[in-house]
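Hi there,

Here is the structure I promised to pass on to you.

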Number of protein chains: 2
Amino acid sequence: MRTAACLVVGNEILSGKIEEKNVAVLARMLFSLGIEFRRVVTCKDEIPTIAREVNELRASHDLVFTSGGIGPTHDDITIDGVAVAFGVPLDREPRIADAIRAYYGDACTEHHLRMANLPRGADYVGETDPVFTTLRMGNVHVLPGVPWLFARKLEGLRPLLDAGEAFVNRTVFLRGDEGDYAELLERIANTHPGVDAGSYLAPAGADYDCRVTFDSASASAAQGAADAFVAETDPAKVVRRGDSGSA
Amino acid sequence: MRTAACLVVGNEILSGKIEEKNVAVLARMLFSLGIEFRRVVTCKDEIPTIAREVNELRASHDLVFTSGGIGPTHDDITIDGVAVAFGVPLDREPRIADAIRAYYGDACTEHHLRMANLPRGADYVGETDPVFTTLRMGNVHVLPGVPWLFARKLEGLRPLLDAGEAFVNRTVFLRGDEGDYAELLERIANTHPGVDAGSYLAPAGADYDCRVTFDSASASAAQGAADAFVAETDPAKVVRRGDSGSA
């Protein structure tokens, strides 16, 4: 099973100016591709810090995605950090530089052109439009922090990442306290290898009190665990069942 | 300057079932208390993983806050992970156990009572109501993942963390591309030590195009940097100015 990690770069997240939105988007895509998302690190805009985190994550996961720190200003230094991590210089990529010059016209400055810097040995993957291609260096995919751009570039990577695998989810929405189900859920988890069983309180205003979830790379295993759970649960407590992922 | 880190524990975040909401709340409180929030790690529900992450974060930061993995079910293992990190056994805390028994009455089970387990040497701090006190082991504060409970317990810790320090922010909301301001902003950043200067695109629908921000532990330093920026900017481009934090 492939594993993945994410590095979120940005003082704005750690100072509370901007709420992080991209990890959930990445998480849902990785789940749909059957890639185990194991770790997220959020760090400050510091080149040595970014380089150290990139090296730690890329050594211990099959795929790494960075979010943020891409842009024309002095605090946009993720690409510099990736170059330091790999011990390579930055080269200017003519195709991206041309796209930037075309976009900004006479207003284009050296600061704008920094976005065309590429760690030596990196390439651009995903979409064909230069604006939406993704910088990839080794197993590290460098994505911008702006949510709509992150989501669009990430979607462009899907065909590259799709190996025909997927996780599936089976969920049972319940009335009552999650502690009421703890013994049963633990037993189901222990007797259904390859299934990740979880229990979560409902958000305010929901029509249920808690939900139990069964995730697996095997649809039949997830289904079997959910069925076993429901078979031992008072039907009056089951609000409904739900599925996500392919069946 | 005190530093802080956060460990978010939960497969539900990494599988995309639940969007993480607590880091932004913690970030804003730490900013208001002048505590530098340097790092967030999100990890899976695995005791050895939690223990390793806790040990790494507590060794390199003054304060650590964990979010999630507190509850009655088998996947609620943050407290177990903290105990392993510190190499201590778990004891049952009678005062918390009594509060749990009183709350659940006849429905109380051994699974509910797991929430009264306390790593040996830990204490409860913050509020006096047992439901809202926070488990603290060394410099590690163990908070639940449910957002309203996280926020309430965190607020209960404020008096303990308040050392009379605060970061302040000065923001300038602008029309135009952030690249237009990159050279000026970099120069301001370089000539105003102790000020963290940032530049961010506006969210969709905002009445401005980008904003530049100046954060500092010194209100006069943040103000001076913002004033210097505005003095060299076309007034027609300045939509408005904004402040947060004490002046």
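In chain A of this predicted model, helix α3(A) meets helix α4(A) through Ile47(A), Ile50(A), Ala51(A), Val54(A) and Asn55(A). On the α4(A) side, the partners are Thr78(A), Asp80(A), Gly81(A), Val82(A), Val84(A) and Ala85(A). Sorted by class, the residues of this contact are seven nonpolar, three polar and one charged.

As for the geometry, two packed helices are described by the angle between their axes and the distance between the axes. Helix α3 of chain A covers residues 47-60 and helix α4 of chain A covers residues 78-86; they pack at an angle of about 55°, with their axes 8 Å apart. Because of that angle, α3(A) counts as oblique to α4(A). The crossing of α3(A) past α4(A) is right-handed.

The other pair I looked at is in chain B. Helix α2 (residues 22-32) and helix α7 (residues 147-161) of chain B cross at roughly 15°, and their axes come within 10 Å. An angle under 35 degrees counts as roughly parallel, so α2(B) is roughly parallel to α7(B). Here, too, the crossing is right-handed, with α2(B) passing α7(B).

Which residues make the contact between α2(B) and α7(B)? From α2(B) come Asn22(B), Val25(B), Leu26(B) and Met29(B), and they meet Pro147(B), Phe150(B), Ala151(B), Leu154(B) and Arg158(B) in α7(B). By class, that contact holds seven nonpolar residues, one polar and one charged.

Best wishes

Key
Residues numbered from 1 in each chain as written. Chains lettered and ligands numbered in written order. Predicted model: local features only at pLDDT ≥ 70, side-chain atom pairs only at ≥ 80, totals over all residues. Axes fitted to C-alpha atoms, helices over the stretch in contact; angles between N-to-C directions. Helix = DSSP H or I, 4+ residues; strand = E, 2+ residues; numbered from the N terminus. Parallel < 35°, antiparallel > 145°, perpendicular 65-115°, else oblique. Left-handed = near helix turned anticlockwise from the far one by under 90°. Contact = placed C-beta atoms within 7 Å. Nonpolar A, V, L, I, M, F, W, Y, C, P; charged D, E, K, R; others polar.
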